[in-house]
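Hi everyone, thanks for coming.

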Amino acid sequence: MLEKVNERITSALSKNDEAVMVTVGGDHSVGVATLHGLHSHYKDLKVIWVDAHADFVDAAMSDYYGYHGYPAGHACGLSSGCFPGFAWLKNFIPYSNIVLIAIRDIDPDEWINLKKHNVKCYTMDHVLDLGIGEVVRQAIHYLDPIGDKPFHVSFDVDAVEPSNCLATGTKFRGGLRPIEGNFIVRKVAHERKLVGLDVVEINPALEQNEIRHTFRSEEHYGVVGETVGLGIDLIESVFTEYFTL
Ligand SMILES: [Mn+2]
């Protein structure tokens, strides 16, 4: 399935490279394919990975059960050769081309990997300390000080505070407010060429108990559960104005 996603992205980009590649999920594992597909087309792709988790486990060091612990690191070459069926995964993202934002639920081994490879991370403590505006400004500037590189945002909705995002699998307290999540996407789309967005880990089956009224635009009011609404808002953010005077 991941190989197919990679192929679909490659083929779509060969037809229209002005498109913004939006991927909706589902398991964040898809991120390894979207990052690879985009990176194969955009040689110097920059990635902002928004997530409660780092997804940076090294399979060579861990017997962690689910692939969803691995995709960000795997896209950068960590765990390379450890999983069957990934012969297509060849173009690794340099560790210096990815920034993690909103992480707060991290395994000790992941910290070691992130430090070893000098991966730029903004935890939720950074967000609280600096404010989301400063974090995103720094992240963009770190990745692309000149301002001519393509960006991809891989957004795991568990980055958001669980009370605003019930329909996801691995919740962890102390996350972003929904408007801060939207801000990240809007700011990147405003400041740089945004070529891809993943909105993942939405599981409507977990949504039965969600409050069905949201504070979203009138046309969507009451139509969807809050977490699906959050995902729609994130996608809309790509095309929404960044308001400054
Ligand atoms: Mn994730």
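Angles here run from 0 to 180 degrees, taken between N-to-C directions. And keep in mind that this is a predicted model.

Helix 7, residues 178–191, packs with helix 8, residues 226–237, at an angle of about 25°, and their axes are 8 Å apart. Angles under 35 degrees count as roughly parallel, so helix 7 is roughly parallel to helix 8. As for handedness, helix 7 and helix 8 make a right-handed crossing.

Who does the touching? On the helix 7 side you have Pro-178, Gly-181, Asn-182, Val-185 and Arg-186, and helix 8 brings Leu-230, Asp-233, Leu-234 and Ser-237. Sort the residues of that contact and you get four nonpolar, three polar and two charged.

Now over to the sheet. Strands of a sheet pair through backbone hydrogen bonds, either parallel or antiparallel. Ours is an open sheet of six strands, the pairing is parallel, and the order reads 1-6-5-2-3-4. At the edges sit strand 1 (21–24) and strand 4 (120–123), each pairing on one side only. From one strand to the next, the twist averages 15°.

Let's zoom in on one pair. How many bridges join strand 2 to strand 5? Five of them, linking residues 46–50 to residues 150–156, with the two strands running parallel. For instance, Val-50 has Phe-155 in strand 5 as its bridge partner.

Helices pack on this sheet too. Helix 2, residues 30–41, touches strands 1, 2, 5 and 6, and its direction makes about 165° with that of strand 6 (193–200). Helix 6, residues 132–143, lies across strand 2, strand 3 and strand 4, at about 165° to strand 3 (98–103).

Gly-25 and Gly-26 are joined by a cis peptide bond, with omega about 20°, and Gly-26 is in the loop between strand 1 and helix 2.

Then there's Asp-55, which isn't a glycine but has a positive phi, near 55°. Asp-55 belongs to the loop between strand 2 and helix 3. Is Asp-55 buried or exposed? The cut-off for buried is 20 or more other C-beta atoms within 10 Å, and Asp-55 has 26, so Asp-55 is buried.

Glu-201, in the loop between strand 6 and helix 8, also has a positive phi, near 70°. Glu-201 counts as buried because it has 27 C-beta neighbours inside 10 Å.

Technical notes. Residues numbered from 1 in each chain as written. Predicted model: local features only at pLDDT ≥ 70, side-chain atom pairs only at ≥ 80, totals over all residues. Pairing = 2+ DSSP bridges. Helix = DSSP H or I, 4+ residues; strand = E, 2+ residues; numbered from the N terminus. Contact = placed C-beta atoms within 7 Å. Parallel < 35°, antiparallel > 145°, perpendicular 65-115°, else oblique. Left-handed = near helix turned anticlockwise from the far one by under 90°. Nonpolar A, V, L, I, M, F, W, Y, C, P; charged D, E, K, R; others polar. Buried ≥ 20, exposed ≤ 12 C-beta atoms within 10 Å, placed from the backbone.
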